[in-house]
Amino acid sequence: MQIIDQIYIDGAFVTPHGDELFDLFNPSTEQVIGRVRLADAEDARVAIAAAKRAFPAFSRTSKAERIDMLKRMHAAVVAKEDELFDAIVEEYGAPVSRGRWMARHASDVLLEAVKVLEHYAFERRAGSAQVVMQPLGVAGLITPWNSDAGFICGKLAAALAAGCTAVIKPSEMSALQTRVVTEALHQAGLPAGAFNIVTGRGETVGAEISAHPDIAKLSFTGSTAVGKTILRTAAETLKRVTLELGGKSPMMILDDADFDEAVPLALQAGFMNSGQACIAGTRILVPRSRLVEFEAKIVAAVAQVKSGDPRDLHTSIGPMVSRKQWERVQRYIGIGIDEGARLIAGGEGRPDGVDAGWFVRPTIFSDVRNDMTIAREEIFGPVLSIIAYRDTEDAIAIANDTPYGLQAYVCSADTKRASAVAARIEAGRVLVNTLAHEPAAPFGGFKQSGIGREYGAFGLEAFVEPKALLGTM
Ligand code: NAD
């Protein structure tokens with residue numbers, strides 16, 4: 001039983017003013033494995049004050065100094081990689097291969113920020129004016145549970161690279177992972193107050209950060225519903241806001257695709273991060289003329305997908321993070337059945353032979369219409385919908401007929417043809433015949449998948465504002 005009773009403010013681990021105790025679970029066993037004492041709005045205010053005090057000096061640090069800090073942070077997180085991996089598997093239930101990737105990703109993003117900063121021009125010319133990209137001030141960074149360390153380090157790296165100081169509010173469900181990351185980042189020896197980490201509830205700590213006049217910038221990753229609340233709250237003080245929200249990404253299988261390649265790609269894109277991924281390819285668009293063939297192949301392939309013990313090397317789908325999340329996914333499977341979609345794999349309940357843990361059967365529906373609930377709403381679990389289309393025009397129309405626009409996938413034997421389709425998709429990222437990640441490329445959503453971009457130079461730019469100086473040259 002791990003007790004976490006400290007938060008991180010002004011360069012020190014301190015006891016929070018908040019006194020609510022929150023249970024932490026191992027989602028594979030449903031056992032309580034720890035307890036975290038949650039911060040409250042008062043703690044958020046103290047953290048914001050610390051970040052505000054640190055900002056004037058921090059914002060004037062040189063590029064070289066900040067590169068050096070990011071490198072120290074990177075080394076410190078690398079040194080804790082095994083500990084972080086253990087916390088990810090225990091508290092989040094990521095299968096070991098995914099958990100290892102996640103633990104590595106947390107340090108990688110710090111190094112990526114170094115590369116961006118090295119090439120970023122803070123001073124430019126516009127006609128006779130000098131333009132200075134000036135850090136915005138104190139950044140509020142609010143992160144979800146589905147990649148705790150990666151989001152904390154990624155957002156913090158961009159904020160610090162830009163010269164902002166930060167207050168981070170991670171998910172209350174990820175306190176064990178957050179503790180490992182916080183201890184690592186503390187080791188990096190940054191100036192006190194440069195970053196502060198206050199684990200607490202969204203409605204208290206998150207709301208305080210979203211409303212506080214001393215927060216200049218908000219960067220939020222989470223659900224679309226909460227993103228809208230944050231945007232409304234932030235409007236009062238005209239904060240700059242970056243929102244990374246939900247998705248209902250299309251996996252477009254063009255009629256010339258080789259199904260031996262497309263089917264494994266579709267399953268990986270759909271079930272990545274145990275289906276708890278905003279970028280999951282959950283709507284599989286298949287040409288009606290080849291539907292029977294596609295169904296046969298995907299049914300055979302999904303039979304090999306193991307949902308179960310994340311420490312088993314054969315497992316590719318771990319448990320849902322919480323009982324609430326498990327119940328939500330079960331509810332959507334029931335809705336799919338009630339709406340008349342045809343179950344071709346999986347279904348309600350736990351996988352065969354599993355009697356504890358928040359495990360879901362890898363589930364695939366066919367005969368899904370794009371106006372059904374399971375095709376419109378984000379399920380956030382391993383539940384995929386096959387939607388048949390007539391021709392490429394129809395496929396493009398279906399792909400774009402969604403309130404979301406985060407990511408899309410196109411599979412085709414002809415890259416040129418796939419690229420022409422990709423050009424017509426309303427999404428922040430379109431992946432053609434690949435699932436590769438490119439950290440230098442912007443990431444974020446069209447439509448209700450969000451506002452703004454993260455990663456690379458676009459991600460850093462979200463933490464600065466141009467200031468024009470005339471008569472200085
Ligand atoms: P969530 O929106 O409930 O919570 C995200 C964070 O916001 C948490 O830290 C939470 O405590 C906080 N929060 C909740 N209410 C708040 C409020 N009123 N004010 C301020 N902060 C508040 O989402 P979740 O359940 O933690 O994560 C799952 C959702 O996140 C999914 O819908 C998924 O699509 C989305 N997500 C998006 C991305 C992306 O990059 N686009 C990445 C991961 C997850």
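This is a predicted model: local features need pLDDT of at least 70, side-chain atom pairs count only at pLDDT 80 or more; totals for chains, interfaces and linings use all residues.

Student: OK, which residues come nearest to the ligand?

Tutor: Thr143, Lys169, Ser223, Leu245 and Glu378, out of 28 residues around the ligand. Being near means having a heavy atom within 4 Å.

Student: And what lies 2.7 Å from an oxygen atom of the ligand?

Tutor: A backbone N or O atom of threonine 143. For lysine 169, an N or O atom in the side chain is 2.9 Å from a ligand oxygen. Glutamate 172 has a polar side-chain atom 3.3 Å from an oxygen atom of the ligand. Polar contacts here are pairs of N or O atoms within 3.5 Å.

Student: How much of the ligand's accessible area does the protein cover?

Tutor: 88% of the 850 Å² that the ligand has on its own, by the Shrake-Rupley method with a 1.4 Å probe.

Student: What's the shell like by class?

Tutor: It has 14 nonpolar, 10 polar and four charged residues. Gly counts as polar in that scheme, while Asp, Glu, Lys and Arg are the charged ones.

Student: Switching topic: how is the chain divided?

Tutor: Into domain 1 (2-245 + 448-469) and domain 2 (250-438), with bounds from an automatic or database domain assignment. Their C-alpha centres lie 30 Å apart. The ligand shell draws at least three residues from each domain.

Student: How many residues of each domain are in contact?

Tutor: 27 of domain 1 with 31 of domain 2, where contact means heavy atoms within 4.5 Å.

Notes: Residues are numbered from 1 along each chain as its sequence is written. Side-chain values use heavy atoms; hydrogens and water are left out. A polar contact is a pair of N or O atoms within 3.5 Å; within protein, one must be able to donate a hydrogen and the other to accept it, and residues adjacent in sequence count only if both atoms are side-chain atoms.
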